[in-house]
Every structure is written in C-alpha cells, then in structure tokens.
Amino acid sequence: MSLSRLRAAIVRVTEQCEGSFSIVVAVGSETVDIAADEVVTAASLIKIPVLLTACRLADQGGLDLAKTIPIPPEERVGGCGVLSRLTDLQSLSLRDLLTLMMIVSDNTAS
C-alpha cells in the first residue's frame with residue numbers, strides 16, 4: 001500500500017469517529033501523520049505496545065503467558081478495572097492479566 005493510500009484510509013476511518021486524533025505511522029524512513037502536532041490525552045494507549053511486546057516475546061519463546069503473577073493488595077491501583085476490587089484473588093496468569101488489561105482496561109493488570 002502506498003503512503004498516500006494509507007493516509008487516505010486513515011482519514012476515512014477517523015472521519016467516522018468522534019473525538020480528537022493525533023496519528024503518526026512510521027513506514028520505514030517515511031511517516032504518515034495526521035494532526036501530529038495536536039495535543040490529545042493518551043489515556044490507556046500505552047497498553048497496546050505492552051500487549052504487542054508481550055505477544056512478540058511469547059512468540060519468540062522469551063515469555064511464558066501461562067506463568068502465574070502474584071497480585072498483592074499493596075500493588076493494586078485504582079482507576080479502570082476489576083482487580084483492585086477482588087479481595088480474595090492472589091494471582092493470575094500473565095495471559096489473563098493481558099486480557100483484563102485490554103478488555104476492561106484494568107490498570108492493575110497493566
């Protein structure tokens with residue numbers, strides 16, 4: 001896909017959405033940017049590269065998604081999610097934490 005077609009496709013999608021967008025896509029040494037200088041709230045966008053990195057590491061054999069991760073009460077955070085409210089939960093698999101991070105934007109899982 002050419003950069004101009006990629007840009008046009010992104011514009012078509014964003015025109016159908018409410019809200020503010022600031023998008024930069026790096027393709028080799030070139031970039032497609034749309035309102036790249038506009039300041040917008042990032043919210044939970046950091047969770048996307050966290051998930052991608054975990055999946056890449058798991059595919060390469062460097063991360064076991066079945067590994068159980070402890071969730072001590074003192075490390076639970078507020079905001080979005082359910083883990084901060086589950087008092088009897090001691091641990092979850094990394095796979096389950098990544099799932100909660102994405103489907104309910106759980107900050108503790110992140």
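Where in the chain does Ser 22 lie? In this predicted model, Ser 22 sits in the loop that links helix H1 (3-15) to strand S1 (23-27).

**View 1. The whole chain, with three helices and four strands.** The C-alpha trace spans about 50 × 35 × 20 Å along its principal axes. The radius of gyration is 18 Å, whereas a compact globule of 110 residues would have one near 13 Å. Of the contacts between residues at least 6 apart in sequence, 47% join residues at least 24 apart.

**View 2. The surface and charges of the chain.** About 7800 Å² of the chain is accessible surface, and carbon and sulfur atoms account for 56% of that area. Buried residues, for their part, are 19% of the 110 in the chain. If you are looking for charged side chains, there are 9 positive and 13 negative ones. The centres of these two sets are 4 Å apart.

**View 3. The largest nonpolar core, built from eleven residues.** Its members are Ala 54, Leu 65, Ile 71, Leu 83, Leu 92, Leu 94, Leu 97, Leu 98, Leu 100, Met 101 and Ala 109. Helix H3 (residues 94-103) is the biggest contributor to this core, giving five residues. Take a moment with Leu 94, one of the core residues. Setting aside residues up to four places away in sequence, Leu 94 touches Leu 63, Asp 64, Leu 65, Lys 67 and Ile 69.

**View 4. Ser 22, in the loop between H1 and S1.** Beyond residues up to four places away in sequence, Ser 22 touches Ile 34, Ala 35, Ala 36, Glu 38 and Val 40. Gly 79 is 57 residues from Ser 22 in sequence, and their C-alpha atoms are 24 Å apart in space.

**View 5. Val 104, in the segment after H3.** With a relative accessible area of 35%, Val 104 is partly exposed. Which residues does Val 104 contact, leaving aside neighbours within four places in sequence? Cys 80 and Gly 81 are its partners here. Val 82 is 22 residues from Val 104 along the chain, with 7.9 Å between the two C-alpha atoms.

Conventions. Residues numbered from 1 in each chain as written. Predicted model: local features only at pLDDT ≥ 70, side-chain atom pairs only at ≥ 80, totals over all residues. Heavy atoms only, no water. Helix = DSSP H or I, 4+ residues; strand = E, 2+ residues; numbered from the N terminus. Rg over C-alpha atoms; globule rule 2.2 N^0.38 Å. Buried < 20%, exposed > 50% of the residue type's maximum accessible area, 1.4 Å probe, protein only. Contact = heavy atoms within 4.5 Å. Areas by Shrake-Rupley, 256 points an atom, 1.4 Å probe, with all protein chains shown as cover. Lys, Arg positive; Asp, Glu negative; His and termini not counted. Charge placed at Lys NZ, Arg CZ, Asp CG, Glu CD. Core = buried A, V, L, I, M, F, W, Y, C linked by side-chain atoms within 4.5 Å.
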